[in-house]
Amino acid sequence: MSDEDNETWLLNAGGRVIEKMAAEDYSSLTAVDRLTYCLWAADYGMRNAGDLETAADLHPTCLDDGKSAAQELALPRSAAAFSLSPDELDEVVSEIRAV
């Protein structure tokens with residue numbers, strides 16, 4: 001595993017996936033690429049707008065695609081996270097922020 005923190009890794013990995021999508025298209029992405037992009041979109045929405053509506057603007061099927069890619073990769077924690085509704089994910093953030 002790299003010495004990068006998770007935030008830096010996600011920004012860099014998300015950037016590479018976005019470049020790949022610009023050069024090709026979403027259908028050319030691997031399952032890891034799709035999962036990374038979905039996580040990047042969710043993170044972008046939460047950081048910049050405070051909710052997942054912005055993520056849905058970037059990638060309308062973000063949660064479904066993230067769950068599907070995670071299941072394809074046999075990543076149960078990721079699949080469970082992407083199985084939450086947008087409201088449930090927002091509640092997780094709110095719960096943590098309240099501490």
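## How confident is the prediction?

The chain averages a pLDDT of 89, and 96% of the residues score at least 70. Where in the chain is confidence lowest, and where is it highest? The lowest mean, 78, belongs to helix H6, residues 86-97. The highest, 95, belongs to helix H4, residues 62-72.

## Aromatic rings along helix H2

The structure holds three aromatic pairs. One of them joins Tyr37 and Trp40: their ring centres are 5.8 Å apart and their planes meet at 15°, so the pair is stacked. Tyr37 and Trp40 are three residues apart in helix H2 (residues 31-49), so about one helical turn separates them. Both residues are buried.

Trp40 also pairs with Tyr44. Here the ring centres are 5.2 Å apart and the planes are at 25°, so this pair is stacked as well. Trp40 and Tyr44 both lie in helix H2, four residues apart, which is about one turn of the helix. How do Trp40 and Tyr44 stand in accessibility? Trp40 is buried, because its relative accessible area is 13%, whereas Tyr44 counts as partly exposed at 33%. Ring pairs link Tyr26, Tyr37, Trp40 and Tyr44 into a cluster.

## The nonpolar core

How many residues make up the largest nonpolar core? This core has 18 residues, and those with the most contacts inside it are Leu35, Trp40, Ala41, Leu52, Cys62 and Phe82.

Helix H2 gives the most, with six residues.

Leu52 is worth a look in your viewer. Leaving aside residues up to four places away in sequence, Leu52 touches Ala42, Met46, Pro86, Leu89 and Asp90.

## A positive phi at Ala74

Most residues other than glycine have a negative phi. Ala74 has a positive value, with phi near 55°, and is a residue other than glycine. Which part of the chain holds Ala74? Ala74 is found in the loop between H4 and helix H5 (76-83). Its relative accessibility is 60%, so Ala74 counts as exposed.

## Asn12 in helix H1

Asn12 has its place in helix H1, residues 6-23. With 34% relative accessibility, Asn12 counts as partly exposed. How far apart are the C-alpha atoms of Asn12 and Ala70? They are separated by 20 Å, and the two residues are 58 residues apart along the chain.

Definitions and conventions:
Residues are numbered from 1 along each chain as its sequence is written. This is a predicted model: local features need pLDDT of at least 70, side-chain atom pairs count only at pLDDT 80 or more; totals for chains, interfaces and linings use all residues. Side-chain values use heavy atoms; hydrogens and water are left out. Helices (H or I, at least four residues) and strands (E, at least two) are DSSP runs, numbered from the N terminus. Buried means under 20% relative accessible area, exposed over 50%, partly exposed in between (1.4 Å probe, protein chains only). pLDDT is the predictor's confidence in each residue, from 0 to 100. Rings of Phe, Tyr and Trp (its six-membered ring) pair if their centres lie within 6.5 Å; planes under 30 degrees apart count as stacked, over 60 as edge-to-face and the rest as tilted. A nonpolar core is a set of buried Ala, Val, Leu, Ile, Met, Phe, Trp, Tyr and Cys residues joined through side-chain atoms within 4.5 Å. Contact means heavy atoms within 4.5 Å.
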